[in-house]
Amino acid sequence: MAGAYQPGFHPHLPSARYNFLAKALGASMWFFIFYRARKDGAKLLGHHPFEDHGHGHESHH
């Protein structure tokens, strides 16, 4: 039965350009997230580097 109606949703597949663009944007997002986690991750987890620098300022207060 050529040309018979088939119910359901049949989307077109994206082109190779959109596949590459989606992978490149997704990879750059994750690289940026991991880069910022490397730089600011300790602060987000509650460790502040200025709290334990050990210059003896506690005796002045």
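Reader: At which residues does UniProt place the feature "transmembrane region"?

Author: The UniProt record, an unreviewed entry, places that feature at residues 20-37. The model shown here is a predicted one. In this model the span is 100% helix and 0% strand, and its end C-alpha atoms lie 26 Å apart.

Reader: How is a pair of aromatic rings described?

Author: Two values are used: the distance of the centres and the angle of the planes. In this structure the count comes to one aromatic pair. Trp30 and Phe34 form this pair, with 5.8 Å from centre to centre and 35° between the planes. The pair is tilted, because planes under 30 degrees apart would count as stacked and those over 60 as edge-to-face.

Reader: Where do Trp30 and Phe34 lie, and how many residues apart are they?

Author: Both are in helix α1, which covers residues 16-44. They are four residues apart, about one turn of the helix.

Reader: Is Phe34 buried or exposed?

Author: Phe34 counts as exposed because its relative accessibility is 54%, and the cut-off is over 50%. Trp30 has 45% relative accessibility, so Trp30 counts as partly exposed.

Reader: Which residues make the nonpolar surface patch?

Author: Met29, Trp30, Phe32, Ile33, Phe34 and Tyr35 make a nonpolar surface patch of about 650 Å². Both members of the aromatic pair, Trp30 and Phe34, are thus listed in the patch.

Reader: What sits over the ring of Tyr18?

Author: The charged end of Arg17 does, at 5.3 Å from the centre of the Tyr18 ring.

Notes:
Residues numbered from 1 in each chain as written. Predicted model: local features only at pLDDT ≥ 70, side-chain atom pairs only at ≥ 80, totals over all residues. Heavy atoms only, no water. Phe/Tyr/Trp six-rings, centres within 6.5 Å; stacked < 30°, edge-to-face > 60°. Helix = DSSP H or I, 4+ residues; strand = E, 2+ residues; numbered from the N terminus. Buried < 20%, exposed > 50% of the residue type's maximum accessible area, 1.4 Å probe, protein only. Lys NZ or Arg CZ within 6 Å of the ring centre and 35° of its normal. Patch = residues over 30% accessible without salt bridge, like charges linked within 9 Å, V, L, I, M, F, W, Y side chains within 5 Å. Areas by Shrake-Rupley, 256 points an atom, 1.4 Å probe, with all protein chains shown as cover. Salt bridge = Lys/Arg side-chain N within 4 Å of Asp/Glu carboxyl O. UniProt positions renumbered as here; feature names shortened; annotations may be inferred.
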